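Thanks, everyone. Let me put the model up, and then we'll go through some strands and loops.

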Amino acid sequence: MSLPAPTPPKYIQRTHQARSLHMATEAAPNLAFTDCWNSQTLECYSSVFERTVWMALRCNQWACKPCARRKISLLARRVNDAKPNRLLTLTIDPSLWPDPRAAFDGTRRLVSELIRALRKQFGEIEYLRVTELTSRGWPHYHLLVRSPYIPHAVVKRLWNQLTGAIIVDLQPVRNKFQCYTYLVKYLSKMHRLEWTNRHVSFSKQFFPPTEPLEENPYGLKDKVIMEARPGKYLFAAYRNCIFIELAHGLWGLKRHDEPEPDQ
Ligand SMILES: [Zn+2]
């Protein structure tokens, strides 16, 4: 996936007074910039559009609902391409740990140790690991695995030797399997997990190689980050100005030869 070619500049015919841009952003932030309420403003110069431009920087935190949703759907798309063929659930035994955090700290590295042991016996195994919390806060590991056949009994024995836990579930991925639904199910509760932001991890070869994105297609330089959300910042700094969306999510001041405001 690559960004559209930057030249000649293609103007998106969307313009706003600073006031309406601000109001649109406050009422429904996705209209103008982003649905992330914690976003900040990136101000920089675009050599392609030959002016100062502004865009939103999302917070990208799991605790932020719109950002978490977006992360999950981007991840689901990539996971689909990775074509996992098995679902593996590894539990922990709460009776062996003083609290959930100790269980997490004591077992998360054992997942890759388990995979290493399985690779020795069965060959190439790649996986994506998602941590889920039970209703009582204990961690579980859900793995999407791409591997040859592995007997359940072997996984169970190895995981038991590593962690003392006895419950392991291993199933083939079925036709109607939906990555997005699977990931939402486990990841959407993760804002409750305060002691780690590592909700997802994966082995090196799990994802197929992607084409590199075109580097800096709008020629952005001299970047400065403002703490305020874009709508708010632009309204405060350019109250009576008119803005034009130059490319998706990228706004600059309108010039005379550019379209009049939409409202
Ligand atoms: Zn956010």
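Start at the hairpin of E5 and E6, with 5 residues between the strands. Look at Gly137 there: its phi is positive, near 95 degrees. Keep in mind that this is a predicted model.

Now the strands themselves. E5 covers residues 126-133, and its pairing with E6 is antiparallel, over 8 bridges.

What else does E6 pair with? Strand E4, residues 86-90. That pairing is also in the antiparallel sense, over 5 bridges, and E6 itself runs over residues 139-146. Here, Leu88 stands opposite Leu143 in E6.

Next, the backbone angles. Most residues other than glycine have a negative phi. Which residues go the other way? Glu50 is one of them, with a positive phi near 50 degrees. Find Glu50 in the loop between strand E2, residues 40-46, and strand E3, residues 51-57.

Then Asn60. Again not a glycine, again a positive phi, about 60 degrees. Asn60 is in the loop between E3 and helix H2, residues 65-82. Asn60 has 14 other C-beta atoms within 10 Å, so Asn60 counts as partly exposed.

That's my tour. Over to you.

Key. Residues are numbered from 1 along each chain as its sequence is written. This is a predicted model: local features need pLDDT of at least 70, side-chain atom pairs count only at pLDDT 80 or more; totals for chains, interfaces and linings use all residues. Helices (H or I, at least four residues) and strands (E, at least two) are DSSP runs, numbered from the N terminus. A residue is buried if 20 or more other C-beta atoms lie within 10 Å of its own, exposed if 12 or fewer, and partly exposed in between; C-beta atoms are placed from the backbone. Two strands pair if DSSP finds at least two bridges between them.
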